[in-house]
Amino acid sequence: ILAANSPEWIVAFWAAASLGAITVGYNAWWTPTEIRYALGHSTPTVLVVDAKRAARLPPGVDVPVLTIEHDLPAAMVAHPGAPLPSVEVDEDDPAAIVYTSGTTGRPKGAVHSHRNLVATVGYHRLMNAMAAAFRPGVPQASGRWLLSMPLFHIASLHNLAVPRLATGETVVMTQGAFEPHAVLELVARERVTNWTVVPTMAHRLAELGVVSGYDLSALRAFGLASAPSSVALQSRLRDL
């Protein structure tokens with residue numbers, strides 16, 4: 001899958017899982033040269049792309065290409081209610097390949113098994129159960145999680161898109177480039193309870209200076225992930 005975040009990205013992921021196939025998440029910011037390397041490295045059977053990324057495909061791609069804007073909707077209309085195939089999948093079979101950043105060389109494809117994904121679901125269920133145990137008799141409000149990081153990264157795919165279906169919670173997805181004011185409006189409007197960002201996004205939020213104009217009263221947890229963050233940045237965020 002070579003595309004920006006969208007509901008269709010997640011549909012394509014589960015479609016591949018239902019086939020016993022392996023989803024390979026390509027970095028949506030890759031250049032044509034980087035895409036060419038990944039195509040040779042992972043040798044995909046089919047490419048699911050959005051229009052912007054389709055324009056970046058290197059010439060001579062000898063792989064069927066399905067577009068998110070046209071081909072996937074057309075397939076859904078053409079095959080409504082199609083039965084899922086019956087596929088035997090072992091827990092240790094590969095389920096997904098997620099690429100590293102490649103900061104010290106070529107990106108490396110990290111293989112994640114079905115056991116990995118099931119364990120992640122179990123971890124989040126355990127965390128919910130522990131939260132309930134610490135507050136016996138207090139009803140636990142269902143979480144509303146903001147998905148604002150790329151789905152080709154485990155922070156969004158493994159920690160949000162996959163386990164929230166199992167826990168019955170809500171995922172609120174941002175689309176397009178990160179714009180602090182627009183995202184804060186979304187957090188307020190959708191009553192988001194949990195939100196995790198990378199330090200680069202956190203810096204842009206800290207630059208706003210104050211967020212008192214937004215109703216963030218539903219927000220229970222705000223996290224920093226994927227890269228180190230300074231004590232100074234953390235302090236600025238607490239002061240917002």
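**Entry 1: Ser 6**

I looked up the contacts of Ser 6 and found that Ser 6 touches Ile 68, Leu 151, Met 173 and Gln 175, with residues up to four places away in sequence not counted. I took contact to mean heavy atoms within 4.5 Å. The model is predicted: local features need pLDDT of at least 70, side-chain atom pairs count only at pLDDT 80 or more, and totals for chains, interfaces and linings use all residues. Residues are numbered from 1 along each chain as its sequence is written, and side-chain values use heavy atoms, with hydrogens and water left out.

I placed Ser 6 in the segment before α1 (7-18). Helices (H or I, at least four residues) and strands (E, at least two) are DSSP runs, numbered from the N terminus. Is Ser 6 buried or exposed? Ser 6 counts as buried because its relative accessibility is 6%. The cut-offs are under 20% relative accessible area for buried, over 50% for exposed, and partly exposed in between (1.4 Å probe, protein chains only).

**Entry 2: sheet β1-β4-β5**

I traced an open sheet of three strands in the order β1-β4-β5, with mixed pairing. Two strands pair if DSSP finds at least two bridges between them. β1 and β5 are at the edges with a single partner strand each, so one side of each has no neighbour in the sheet. From one strand to the next the twist averages 20°. For angles, axes are lines fitted to C-alpha atoms, for helices over the stretch in contact, and values run from 0 to 180 degrees between N-to-C directions.

β1 and β4 run parallel and are joined by three bridges. I noted Val 98 in β4 as the bridge partner of Gly 25. Helix α5 (residues 114-134) packs on this sheet and touches β4 and β5, its direction making about 70° with that of β5.

**Entry 3: Val 111**

I then checked Val 111, which is in strand β5. Val 111 counts as exposed because its relative accessibility is 51%. Leaving out residues up to four places away in sequence, I found that Val 111 touches Pro 94, Ala 96, Ile 97 and Asn 116. Val 111 and Ala 96 are 15 residues apart in sequence, and their C-alpha atoms are 6.0 Å apart in space.

**Entry 4: sheet β7-β6-β8-β9**

I traced another open sheet, with four strands in the order β7-β6-β8-β9 and parallel pairing. Its edge strands are β7 (170-173) and β9 (221-224), each of which pairs on one side only. With direction ignored, neighbouring strands of this sheet are turned by 20° against each other on average.

Strands β6 (residues 144-147) and β8 (residues 194-197) pair in the parallel sense over two bridges. I listed Asn 194 in β8 as the bridge partner of Trp 145, and Leu 146 as standing opposite Trp 195 in β8. β8 and β9 also run parallel, joined by four bridges. Asn 194 stands opposite Ala 221 in β9. α9 lies across β8 and β9 and runs at about 105° to β8.

**Entry 5: largest pocket**

I looked up the pockets last. The search ran on a 1 Å grid over the protein atoms alone; a pocket is an open set of points where a 1.4 Å probe fits, with protein on both sides within 12 Å along at least five of seven lines, and lining residues have an atom within 4 Å of a point. Grid points are joined across faces, edges and corners, and a volume is the space filled by probe spheres set on the points.

The largest pocket has a volume of about 1,100 Å³. Of its 39 lining residues, Trp 29, Ser 148, Met 149, Pro 150 and Phe 152 are the closest to its centre. The elements that each supply at least two lining residues are α3 (51-54), β4 (94-99), β5 (109-113), α8 (180-189) and α9 (199-206). α9 gives the largest share, four residues.

By class I recorded 20 nonpolar, 13 polar and six charged residues in this lining. Ala, Val, Leu, Ile, Met, Phe, Trp, Tyr, Cys and Pro count as nonpolar, Asp, Glu, Lys and Arg as charged, and the others, Gly among them, as polar.

**Entry 6: second largest pocket**

The second largest pocket has a volume of about 940 Å³. I found 31 residues lining it, with Val 11, Ala 12, Ala 15, Ala 16 and Leu 19 nearest its centre. α1, β1 (23-25), β2 (47-49) and α4 (71-78) each give two or more residues to this lining. Which element supplies the largest share of the lining of the second largest pocket? That element is α1, with five residues. By class, this lining has 24 nonpolar, seven polar and no charged residues.
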